[in-house]
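Student: I've got a structure to go through, and I'd like to know what stands behind each label. Can we take it term by term?

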Amino acid sequence: MNVQTKPVAAVAATTSTAPAKPRVAPVIPRESRARAIAAQVLPPLLILAVLLTIWEFAGRQPGATLPAPSQVWTNSYDLIVNPFYDNGGLDKGLFWHLSASLTRVFMGFAIATVVGIGTGLLIGTSTFAMRGLDPIFQVLRTIPPLAWLPLSLAAFREAQPSAIFVIFITSVWPIIINTAVGVRNVPQDYRNVAAVIRLRGPSYFLKVVLPAAAPYIFTGLRIGIGLSWLAIIAAEMLIGGVGIGFFVWDAWNSSNLTDIIVALVYVGLVGFALDRAVALIGRLVTRGTMAN
Amino acid sequence: MPAFLDISRLTIAFPKSPVPVLSDVELQIEKGEFVAVIGHSGCGKSTMLNVVAGLLEPTLGGVVLDGREIAGPGPDRAVVFQNHSLLPWLTCYENIKLAVDQTLKSSMGRKERHEWILHNLGLVRMMHAKDKRPHEISGGMKQRIGIGRALAMKPKVLLMDEPFGALDALTRAHLQDQVMQIHNDLGMTTMMITHDVDEAVLLSDRIVMLTNGPNAHVGEILHVDLPRPRDRLALANDPRFVNARAAVLEFLHARHTNPALEAA
C-alpha cells in the first residue's frame, strides 16, 4: 500500500503549485518558423552556389575538357527551357525521353513487385522454399544488370521487352529478400494473438502477416526502384531508341557535352523523385505499423 | 466431480536443459474463481500460463478445462498478454473486432457482433478511444483494450500474464479496480500471473505460490478470505488483508528467497 501513497503525494504537490503560475500555451513566433525553414533550405543552396562557382572557374581555364555551367546554359538553352518539343524521330524534348524511360521502369518494376512479393511470401513461410531458393537468389542477385541484357536480347529479340526484363531482374531481388525477412520477423506477440483466436491460413496471412511485413516490403520496393533507375540508363545506352539513356549516349556521339549535363541533372532529379514517391506510398500504407 | 480447470502433474522441460522448469504442478480452479499465481521471476509462472493457453506443449501431465483436455490455443482460454499485443495497424475497435469476428461469427449476426464489440469497449471504459490506434493511447489504455479483447471472446477462463507489470503504480491500481469490478459483474474464471503481492491479495480468491525454478512446483496455496466487493483503501488496515499479505511475503522472501539476489 505504501507504493501508492508516494505518487499521490507527488501529484498533490504539483497541483498546489500550479495555480500560482498559470500555464500558457507556448506560442511559436512566426519568425522562428521562417528561420527553421531557412535553416533547412539555405545550406544546400549555398553549397550548390559554391560548387557551381568552382565548376565555372575550372571550366573557364584554357584547355578545360568539360564545359562550364554558363556554357551549359547558353548551348543547351532550348533543351532546358522546352522539354516538350517533338521534331519526330529521336529529336524530342527531355520530357519525352524521360517518359519513355519511366514507362519501361514502371513496367519492369510492376512485374518485379508482383513476382518479388509473391516469391518473398513463399520463402518467408516455407522453410523448404527458403533453403532451396535462397542460395540461388544470393548468387543471382550479384549479377550486374547489364550482364543480363545480351541474354534477354537473345530471348526476346526486341529492345523493349529486353529492357523491361533487365529492370525486372535488377529490382526483383531486394523485393524478394526484404519480403521474406518481413514475413519471418512477424513478432511472436502477433502470432500468439492469431493462435488464440484461431486465425489461420489465408486470413492469418492477410490480416496479420502482410500488414506486419509491410514496412519491410516497402524497404525492398524502395531499394528496387532505385536499382531500376540505375539499370535503365545503362540498358538504354545499349538498346537505343527513345529514352534518356540513349539520349545521353547520342549526345556523346555528337559531342553535345552540355546536353549530357542537362540530361544528367534530370536523371538525378527523377531518381530522387522516384525514391521519395515510393517512400511516401510506404508511409501512407504502413501508417501505424511502424509506430510501435 | 473434477474441477473446472484441472492442471495435473504438469511438467515442462525445455529441450536443452536437463532439469525441467516446472515439475508436477497440481492446481484445480473452480468456476468463477480468481486465482493468482505468484513467484520470483524465472520460476516458470508464465510458462505455466502458456501451457494452459495452449501456446506451449507440456512435457508431461496435462490440463483439462470443463471436462475436455486442452490441445493447442483457442478462444475458450483468452489471454491478456503482458505487453498488450494489440495489432498496431488496427484501431482499438478493429482489434476487438478481429477477435470477435473470428471467434463468434457462427453464433452472432453482424449487427449483434458490432453491439458486442461496443459493449466490451464500454466494459473496459474505452468507448472514447474506439477509433484510435494503439500508438495513440497510453499503456494503461492499451492493456484495457487487451482485456476487452479477451473478454469479448467469451472465454471459459481468462488468462492474464502479468497484465499490469509494465504500468506505473497509479495506472496499475486503477486497472486492478476495474478488473475487480468486471470480475464482480461477470464472475469469469480467471488465472492471473503476477509478481505483485498486493495485487495478488487484493484481486484473488486463492494465491498459488510457486517455489523457485528450476524444478518449480506449487509450494503453498493461500485462501484469501476477504469479502467482495473489496475496497483497496478500506482493506489497507484490515488485519485479514495484512495477514494474507504477510503470509505471501514470508513465503517469497523468507522461505524462497529470490535466486537472483542470493547469487549477487
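Student: What makes residue pairs across the interface of chain A and chain B count as being in polar contact, and how many does the rule find?

Tutor: The rule asks for a pair of N or O atoms within 3.5 Å; within protein, one must be able to donate a hydrogen and the other to accept it, and residues adjacent in sequence count only if both atoms are side-chain atoms. Four residue pairs, both partners at pLDDT 80 or more, pass across the interface of chain A and chain B. Bear in mind that this is a predicted model: local features need pLDDT of at least 70, side-chain atom pairs count only at pLDDT 80 or more, and totals for chains, interfaces and linings use all residues. Side-chain values use heavy atoms, with hydrogens and water left out, residues are numbered from 1 along each chain as its sequence is written, and chains are lettered from A and ligands numbered from 1 in the order in which they are written.

Student: How many salt bridges are there between chain A and chain B, and what would count as one?

Tutor: You'd need a side-chain nitrogen of Lys or Arg within 4 Å of a carboxyl oxygen of Asp or Glu. The count between the two chains is zero.

Student: How do you know which residues of chain A and chain B are in contact, and how much area do the chains bury?

Tutor: Contact means heavy atoms within 4.5 Å, and 24 residues of chain A meet 33 residues of chain B that way. Buried area is the accessible area (1.4 Å probe) that two parts lose on being put together, summed over both. Here that comes to about 2,500 Å², with 66% of it on carbon and sulfur atoms.

Student: What makes chain B two domains?

Tutor: The bounds come from an automatic or database domain assignment, giving domain 1 (5-76 + 156-263) and domain 2 (87-154). Their C-alpha centres lie 25 Å apart. Between them they bury about 1,100 Å², 74% of it on carbon and sulfur atoms. On the domain 1 side, B:Pro75, B:Gln178 and B:Ile182 lose the most area to domain 2, together 40% of what that side buries.
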